[in-house]
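Hi everyone, thanks for coming along. I'd like to walk you through one protein model today, so please have the viewer open.

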Amino acid sequence: MSKTKITREEALAFHLEPSPGKLDISASVPMSTQRDLSLAYSPGVAVPCEEIHANPETAYDYTSKGNMVAVISNGTAVLGLGNLGALASKPVMEGKAVLFKRFADVNSVDIELDTEDPDEIIKACQLMGPTFGGINLEDIKAPECFIIEQTLKETMDIPVFHDDQHGTAVICAAGLINALYLSGKKIQDCRIVLNGAGAAGIACLELLKTMGAQHDNCIMCDTKGVIYQGRTEGMNQWKSAHAANTDLRTLEEAMKGADVFLGVSAKGAVTPAMVASMADNPVIFAMANPDPEITPEQAHEVRLDAIVATGRSDYPNQVNNVLGFPYLFRGALDVHARAINDEMKIACARALAELAREDVPDEVAVAYGRKLSFGRDYIIPTPFDPRLIHVVPPAVAKAAMDTGVARRPIVDMEAYEQRLKGRMDPTAPIIEGLYARSRKAQAQMIFAEGDDPRVLRAAVAYQRGGHGKAIVVGREEDVKLKLEAAGLGDAVRELRVMNAANTTHLDAYKSFLYKRLQRKGFDHSDVHRMAARDRHVFSALMLAHGHGDALVTGATRKSAHVLDQIGHVFDVSAKDGAVGVTALLHRGRVVLIADTLVHEWPEAEDLAHIAIKSAKVARGLGLEPRVAFVSFSTFGYPVSERAEKMHQAPALLDEIGVDFEYEGEMTADVALNMELMKDYPFSRLTAPANILVVPARHSASISVKIMQQLAGATVIGPILTGVPKPIQICSNSSTVNDILNMAVLAAARLG
């Protein structure tokens, strides 16, 4: 499998641009007028203050407390980096906060405490209790983490959860439920060996014992061997609680006949010989990061019957905490829980396990570039499964209600699940799906503008991101200097640099081009000038001759000019069937605008064709197409000659017979708002339109740029479709990430 390579320069640039860090704060209420300010602050704010003073529970109604989690660390156990201190842990904690938001729409604030004194951390958390609905402890070293969490659980009335312990335990439990199901074994009968007696390991074993694993069937090992009753060296009260009555002394001895191995230790801790000595159908969760105790390949060399999971995304069965903590807190917050108890954690694990057994939605298959189905290589759901948000939190919330820690039980669980579906942001799975398809395609990507630093950085990111080979068109020395200036000097030897001066194919390119253009007013000198000097034409010729699989260009010139130049090599005009579709991603919605690139003033037949091509792009993004032909009139009023073609286009689709919803003509607000659409009960759209076919290219451009500049919408495209080869054209204002996205679109062959 391809491995993503992230350089220091890329990581630093990601955290620096467009603004430092990964978090921002925006108001959830209007703040435009004096009245707004008076309600938000003085004098209006006094009213909810009085209500909360009289009834503290109403803080969940009148403030953000009920959807706010604190991510708290002192930086004493940062990832695999050790004790970096509070300040250096901040990027990790900000990252945790954005995961809360991305996966479960939980607002989160990172708080780094500059102390290693457990009592000071405990006191700080207790003092901040009124602010938050929950506390996520992170990257605090053992044994202090045990003391801190236990004390806070006993003294605070909001959920306190140390994810390094319990997050890993929950996902491990979910995977083990399914692994044992496939193996035909019961947890109470299994011999379980755990290697790594830190916070995560201890939490894993505690949760499994709560689920039925027998104490003396569970052998915990650390760097000194088996933790057995009577051992004194390297012991503490938490290890002692799991000391087994056994004569086993080494990990190697413990592995003989074991049904399950759980590893939260170090690379290479498990040998193939140890795996070979395990019981039939062994379960191996090698969760050390970044390198597992034993790789799946090594394990399967000696045991084809093994079910293997790791902590890595490039292997099947990833034990990923992001499957747990966002949804645990979502469910806990939504019932105003006082705690996250074992029953809630087990409910989370069981919900995850049951979800993995269900048919996997098409959008997940699109995201991962392959069909997933329950079995030995799929025992845990993927992080981008859209069902997680409405499957796991209800199970957690129900467990909270059943165990009496819910202050505000949910009465209508079905309505709650529907609200959770509304929290799901569909944009990230779409982009992740494109990236997965791109990595699977392994396309040789031609980057036409190798003299631009943005393009070079995008080319490096494409290749190091595991998408395939990047070919840049430019001069070697110029590329080398620009990469060095960008801090990517080591990438010079990785990229393939091509131009007319170093290719052996120039004569063939010119011959091909002359045959296309000889009856269009171009002579041999014109053709030579274009093929040898115009990077867009040269790159297109490379693509036409199979010297690359896809092309991305346009970052340095106007898109209309670039399309004209590519048109010398390929048929990419409106009459050839080409269409440009731009995706707008904004506040959890995805809307496609067409045509934004090719058709200047489309007629009704063109508009019908644009709708068909746009629907194909939508399905490539994992969306079910719903097309609206938009105008300034709705279903014939006001009457206008300019709106007539928008009225005719749906009738043409009626004649053709297409397999997607469409309607028109209508104004954009009616197309996007089902409340307004209720005034037109005959409308064929069953939900808001996600494709807007507009009357002309200028109206498309205006719409996109207004949304981008005023609303802050993310823009992907225009996506060029209906052309002979995978070609995507950036805008000349593109960032490095925009160019990379367009390369990914080309590789994924979305057009």
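A word on the ground rules before we start. This is a predicted model, so local features need pLDDT of at least 70 and side-chain atom pairs count only at pLDDT 80 or more, while totals for chains, interfaces and linings use all residues. Residues are numbered from 1 along each chain as its sequence is written, and side-chain values use heavy atoms, with hydrogens and water left out.

Let's begin with a sheet of 4 strands. It is open, its order is β2-β1-β3-β4, and the pairing is parallel. When I say strand or helix, I mean DSSP runs numbered from the N terminus: E over at least two residues for strands, H or I over at least four for helices. Two strands pair if DSSP finds at least two bridges between them. Which strands stand at the edges here? They are β2, residues 107–112, and β4, residues 160–162; each has a single partner strand, so one side of each is left without a neighbour in the sheet. On average, neighbouring strands of this sheet are turned by 25° against each other, direction ignored. For angles, axes are lines fitted to C-alpha atoms, for helices over the stretch in contact, and the values run from 0 to 180 degrees between N-to-C directions.

Zoom in on β1, residues 68–73. It pairs with β2 in the parallel sense over 6 bridges, and you can find Ile72 opposite Ile111 in β2. Helix α5, residues 90–104, lies across β1, β2 and β3 (134–137), and runs at about 165° to β2.

Now over to Phe161, which is found in strand β4. Is it buried or exposed? At 1% relative accessibility, Phe161 counts as buried. The cut-offs are under 20% relative accessible area for buried, over 50% for exposed, and partly exposed in between, with a 1.4 Å probe and protein chains only. Leaving aside neighbours within four places in sequence, Phe161 is in contact with several residues, including Ile135, Leu137, His166, Phe325 and Ile340; contact means heavy atoms within 4.5 Å.

Next, please move to β9, residues 283–286. This strand pairs with β10 in the parallel sense over 4 bridges, and the bridge partner of Val283 in β10 is Ile307. From β9 the chain crosses through helix α13, residues 296–302, to β10, and this β-α-β crossover is right-handed. In other words, with the strands pointing away from the viewer, the path from the first strand over the helix to the second runs clockwise. In a regular strand the side chains alternate between the two faces of the sheet. Look at β10, residues 307–310: Ile307 and Ala309 point one way, Val308 and Thr310 the other way, and all are buried.

Two asparagines deserve a stop. Asn281 has a positive phi of about 50° although it is not a glycine, and it lies in the loop between α12 (272–276) and β9. Asn317 also has a positive phi, near 60°, and sits in the loop between β10 and α14 (325–334). At 23% relative accessibility Asn281 counts as partly exposed, whereas Asn317, at 5%, counts as buried.

While we're on the backbone, a cis peptide bond joins Tyr637 and Pro638, with omega about -5°. Pro638 is found in the loop between β17 (626–630) and α27 (644–656). The peptide bond from Gly664 to Glu665 is cis too, with omega near 0°, and Glu665 lies in strand β18, residues 661–666.

One more strand pair: β15 and β20 pair in the antiparallel sense over 6 bridges, with Ala583 opposite Ile716 in β20. Strand β20, residues 714–721, is mostly covered, with 7 of its 8 residues buried.

Finally, a sheet of 5 strands: it is open, in the order β13-β12-β11-β14-β21, and the pairing is parallel. Thanks, everyone!
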